[in-house]
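This briefing reviews selected features of one protein chain. Please consult the sequence and the structure shown here alongside the text.

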Amino acid sequence: MMGSLLHDLLVGTLERGGEVTLQRQLYQAIQAAILQGRLPVDHKLPSTRALAQQLLVSRLTVSLAYERLLDEGYLYARAGSGTFVADTLPQVSVEVLPGEGVGQAPLSARGKAITARFGALARVAGAFVPGVADADLFPFHVWKRLHNRYLSKRHADLGGYVDQGGYRPLREALSAYLYAARAVRCSPAQVIITMGTHQSLDLVARLLADVGDTVWLESPCHWGAPVVFAAAGLHCAALQIDTQGACLPTPEPHATPRLAFVTPSHQYPTGNIMTLQRRRDWLAFAEAQNLWMVEDDYDSEFRYDIEPLPSLQGLGRQDRVIYLGTFSKVTYPGLRLSYLVVPEALADAFGKGLTQLYRPGFLAVQAAMADFIQEGHFARHIRKMRAEYAERRSYLQHCLDVCFGELISYSSGQAGLHLAVRIGAPGTARKMLAQAEGFGLVLRGGYSVDPQADDQNLMVLGYGGVKVTQIEAAVQQLRALYDRVA
């Protein structure tokens, strides 16, 4: 009678000859019976020999299933008495604090701030996700061949951690490329390879500022910068921008920030370009105020009208500028490969900090990228994508003009992978953002450092991931959305 309950629960449930072994089926069936309360606590199970005979399976199959259930705490054994069902129910009820929902983990203030703006990554494809490159046009056949060079025992040394600033040949290739393309003056030792711009910003914040220090950020700016800086314990203060780029603030006595984060080559998201005079003014200001300038040059490869101005880092002295770059916009976002160029005096500290904080690896990927640059594939791909994105930008603007006419205005600058637009009356953008998903669109807004000061009529339309053949239909959907909310 003791074993009849378990036998009755199991008989007819075992599938013989199936893909799942009898041992696993037996384990899962007993586990489910215990968790669902069909086998009561302290119920004695039949011996392994008896159950094996009843079910017509081997005794070893039953023994192995029992052993796993004993190891995981579903059963317990009593010497000389047998095997019994353990009490798996929680013994202590947890009191839910006021304001915290059931199942909601209590977060720190920093944790809440980090997760509050997660909507920026809720969707990463479709019209009009900003900042996304078209991975379909990346030469994966070339990349696969280069990457496979280093996935062998012959290059087993690339399977470990890097204890400097990254793979040396890649740092050498970047040093030469950045000087030719962006007038960045640096030695390979000053180039630090990171896993994405967010990691670059985090490293800068932790090595050059202390908790409670202030960082100036352009407002509006990319959503990620204030999130990363705030997570590092810094206070984010807004920098106003105009048609000449980030405006120089008036420093308050005893309160000069440690860092200023700017995008002079293509202000994000407005597209404004910092003038040469404004760049020089910022460099003089940084020198006088002992301020670190963090220059994010995230998509300068894609300029469609004129040659870009030299980087901020390439003007005058370079000992106050941290230069940031990324491969995500040129290759594909999931590569997660970026870099910093730091002043010579900081190179050793940044290499050590990178190792201490992140234990970076992926040296085979870095080696493949070094070959990708040195063999000319990188420059060739940039030329191809520059022409492709220029066509998309032009056609997108044409379709927007046809659909919206005088209702729409654009950001300045002919560069990058997005258009910053204002449509209709103030407040319209916020309504469109709220209902965009229902129209199959991905729209972005809310880029101000202070969420309370958001421009309620600014939206960003990314075209990097939208084929030319898809643009007209997407714009028509945008017009339908506008007609719904206007």
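**Cis peptide bonds and local geometry**

Proline 220 sits in the loop between β5 (214-218) and α9 (224-231); helices (H or I, at least four residues) and strands (E, at least two) are DSSP runs numbered from the N terminus. The model is a predicted one, in which local features need pLDDT of at least 70, side-chain atom pairs count only at pLDDT 80 or more, and totals for chains, interfaces and linings use all residues. Residues are numbered from 1 along each chain as its sequence is written, and side-chain values use heavy atoms, with hydrogens and water left out.

*Cis peptide bonds*
- Serine 219 and proline 220 are joined by a cis peptide bond, with omega at about 10°.
- Tyrosine 268 and proline 269 are likewise joined by a cis peptide bond, with omega at about 5°.
- Proline 269 is placed in the loop between β9 and α10.

*Threonine 270*
- Threonine 270 belongs to the loop between β9 (259-262) and α10 (276-289).
- Threonine 270 counts as buried because its relative accessibility is 11%; buried means under 20% relative accessible area, exposed over 50%, and partly exposed in between (1.4 Å probe, protein chains only).
- The threonine 270 side chain makes a polar contact with the side chain of glutamine 267 at 2.6 Å. A polar contact is a pair of N or O atoms within 3.5 Å; within protein, one must be able to donate a hydrogen and the other to accept it, and residues adjacent in sequence count only if both atoms are side-chain atoms.
- The side chain of threonine 270 also reaches the backbone nitrogen of asparagine 272, at 3.3 Å.

- Alanine 183, in the loop between α7 (168-182) and β4 (191-194), has a positive phi of about 60° although it is not a glycine.
- With a relative accessible area of 27%, alanine 183 is partly exposed.
- Arginine 359, in the loop between α11 (347-358) and α12 (363-374), has a positive phi near 45° and is a residue other than glycine.
- Arginine 359 has 40% relative accessibility and therefore counts as partly exposed.

*Whole chain*
- The protein chain contains 15 helices and 15 strands.
- Of the 486 residues in the protein chain, 49% are buried.
- Among contacts (heavy atoms within 4.5 Å) in the protein chain between residues at least 6 apart in sequence, 75% join residues at least 24 apart.
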